[in-house]
Amino acid sequence: MTASVTYTPISSYTVSGSSTSSITFNSLGSYTDLRFVLNVAGDTLNAFVKANFNGDTTASYSGTTLYGNGTSASSSRYSAGGGSQIWVTNYVSFSQTLGESVFTFDVMNYSNSTTYKTCLIRGNRASSTGSWYGAEAQVAIWRNANAITSVVFATTSGYFVANSVISLYGIAAA
């Protein structure tokens, strides 16, 4: 039996300079689900990555995160006032060293126009430099039934460093 391809590469963005604080994906293709892989670093210690869909910065996002650092584990939740974006890195800040922070961001049924959009996010940061490191897993939702046509990733402070990469893959229905 021949194995089929699970992920189809759609696009990839590599930061070329040092002044990029947001990255936008507008060409999402025609798939059932999307997977973004973020191999990013920042110029500011303890900065985080957030995302929004279709330019929506209203309080229509919420999420629950489980996180730990090898010594302790906990959970957190955001919605309403803190829910003007999805916190891609909710507990684990991205590193200042490239390759030390890797996150996956899955968006289910992104092109469906009758349901809210669910996201699954996993990430880690290997270094204990700074106060936010370890691993996290999150489920988030965008409470909007519109099809997603654009995704913007941004830092909470500072910039993505040169050679940071965000890759986008499409997942077809099984």
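**Start with the charges**

Colour the charged side chains first: the protein chain has 7 positive and 6 negative charges, and their mean positions are 6 Å apart. Keep in mind that this is a predicted model.

Next, switch to cartoon view for the whole chain. You will find 12 strands and zero helices. The radius of gyration is 16 Å, close to the 16 Å that the globule rule gives for 174 residues, so the chain is as compact as a globular protein of that length. Its C-alpha trace spans about 40 × 35 × 35 Å along the principal axes.

Now select β2, β11, β4 and β7. In that order they form an open sheet of four strands with antiparallel pairing. The edge strands, each pairing on one side only, are β2 (22-25) and β7 (86-87). Strands of a sheet pair through backbone hydrogen bonds.

Zoom in on residues 49-53, which are β4, and residues 151-155, which are β11: five bridges join these two strands in the antiparallel sense. Click on V49, and then look for T155, its bridge partner in β11.

For the last stop, select T20, in the loop between β1 (7-14) and β2. Is T20 buried or exposed? Its relative accessible area is 15%, under the 20% cut-off, so T20 counts as buried. Show what surrounds it: leaving aside neighbours within four places in sequence, T20 is in contact with Y13, V15, Y159 and F160.

Notes
Residues are numbered from 1 along each chain as its sequence is written. This is a predicted model: local features need pLDDT of at least 70, side-chain atom pairs count only at pLDDT 80 or more; totals for chains, interfaces and linings use all residues. Side-chain values use heavy atoms; hydrogens and water are left out. Two strands pair if DSSP finds at least two bridges between them. Buried means under 20% relative accessible area, exposed over 50%, partly exposed in between (1.4 Å probe, protein chains only). Contact means heavy atoms within 4.5 Å. The radius of gyration is taken over C-alpha atoms; the globule rule is 2.2 Å times the number of residues to the power 0.38. Lys and Arg count as positive and Asp and Glu as negative; His and the chain ends are not counted. The place of a charge is taken as NZ of Lys, CZ of Arg, CG of Asp or CD of Glu.
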